[in-house]
Amino acid sequence: MWKKIFGSADAYKEIPKRDDPLFAPIEWEKLPRHVAVIMDGNGRWAKGQGLIRTAGHKAGVKTLKGILSTAIGLGLDALTVYAFSTENWKRPTTEVDFLMKLFAEYLEKELQEMHDDNVRIRFLGKKEGMPKSLQRQMSDAERLMANNTGIHFNVAANYGGQDELLRVMQRVAAQAAAGSLKQEEVDAELVESLLDTAGDPPVDLMIRTSGDQRLSNFLLWQSAYAEFYFTDKNWPEFTPADFVAAMTDFAHRDRRFGGLNKK
Ligand code: IPE
Ligand code: IPE
Ligand code: MG
């Protein structure tokens, strides 16, 4: 069934099972726990198709659905995707407005299915600044799925890594000023508990589509020891098989974390 619908307009409705041929190359004991994705190249893909940029964003939503299903099938602990950066406000209002509407539509359409799939959604970044009704939708979705025990699906919207760290610093400073925090109590554990990703493991694998090789202010703290995987494919044409290819590439990385390898 999974294969039959593969690539169709309603693609990836189902969560692939462990024995799905899609997962044949997977080394299950070497999977990352937390994968982050910079979903880049929607505009370039659209241009290549002779379409307007926003058509690329629409196509990108379909890709995301397939990748979330694949991540669930793989049993990843967390999937974090970059949907809108604090810098993306620099784009023309028409494109920004379109994206906000697209987020609202995505949430409305996918909410129940994600909930049924035991997904726990969380939004990283500042909700303030997003349209009011979208803020409400985001909070409602988080509340609805707060006790779900499946994949942690983080959607970074109005997110910037520097902004996140500044917010952490502001909270630390406020607690210190109030006398409830001593200087020596400020450690990595405290900072991590104040990040938008609190409770999630660090990013093991950072994927960026579309050929550019930069972080663009994504997960600065969390990706300190992440492995990077770049592909020239634009996000709308990135498939579950491509995601699996990133997993198998990751399985052969030699992660040393500053130490020496065991070989
Ligand atoms: C990524 O695609 C989506 C968002 C940033 C919202 P882009 O819109 O950045 O596409 P390119 O990079 O211009 O091709
Ligand atoms: C990063 O892509 C942000 C998202 C994918 C949401 P951009 O297209 O905004 O990044 P730059 O401008 O190329 O660095
Ligand atoms: Mg881009």
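How far does a polar side-chain atom of Arg91 lie from an oxygen atom of ligand 2? The distance is 3.2 Å, and the legends below place this contact in its surroundings.

This is a predicted model, in which local features need pLDDT of at least 70, side-chain atom pairs count only at pLDDT 80 or more, and totals for chains, interfaces and linings use all residues. Residues are numbered from 1 along each chain as its sequence is written, chains are lettered from A and ligands numbered from 1 in the order in which they are written, and side-chain values use heavy atoms, with hydrogens and water left out.

**View 1. The protein chain.** Eight helices and six strands make up the secondary structure of the protein chain (DSSP runs numbered from the N terminus: helices are H or I with at least four residues, strands are E with at least two). Read from the N terminus, the order of elements is α-β-α-α-β-α-β-α-β-α-α-β-β-α. The radius of gyration of the protein chain is 19 Å, close to the 18 Å given by the globule rule for 263 residues, so the chain is as compact as a globular protein of that length (the radius is taken over C-alpha atoms, and the rule is 2.2 Å times the number of residues to the power 0.38). The C-alpha trace spans about 60 × 55 × 35 Å along its principal axes.

**View 2. The shell around ligand 1.** The residues around ligand 1 are Met39, Asp40, Gly41, Asn42, Gly43, Arg44, Arg53, His57, Ala83, Asn88, Arg91 and Leu99 (a residue is near a molecule if one of its heavy atoms lies within 4 Å of it). Helix H2 (42-48) and helix H3 (53-74) each give at least two residues to this shell, and the largest share, three residues, comes from H2. By class, the shell has three nonpolar, five polar and four charged residues (Ala, Val, Leu, Ile, Met, Phe, Trp, Tyr, Cys and Pro count as nonpolar, Asp, Glu, Lys and Arg as charged, and the others, Gly among them, as polar).

**View 3. Backbone contacts of ligand 1.** For Gly43, a backbone N or O atom is 2.9 Å from an oxygen atom of ligand 1. Of the 380 Å² of accessible area that ligand 1 has on its own, the protein covers 87% (Shrake-Rupley method, 1.4 Å probe).

**View 4. The surroundings of ligand 2.** Ligand 2 is surrounded by Ile38, Met39, Asp40, Tyr82, Ala83, Phe84, Asn88, Arg91, Arg208, Arg214 and Ser216. Strand S2 (residues 78-85) supplies the largest share of this shell, three residues. The shell divides into five nonpolar, two polar and four charged residues.

**View 5. Side-chain contacts of ligand 2.** A polar side-chain atom of Asn88 lies 2.9 Å from an oxygen atom of ligand 2, and one of Arg214 also lies 2.9 Å from an oxygen atom of ligand 2. Taken alone, ligand 2 exposes 380 Å², of which the protein buries 77%.

Terms used
Polar contact = N/O pair within 3.5 Å; in protein donor to acceptor, adjacent residues only side chain to side chain.
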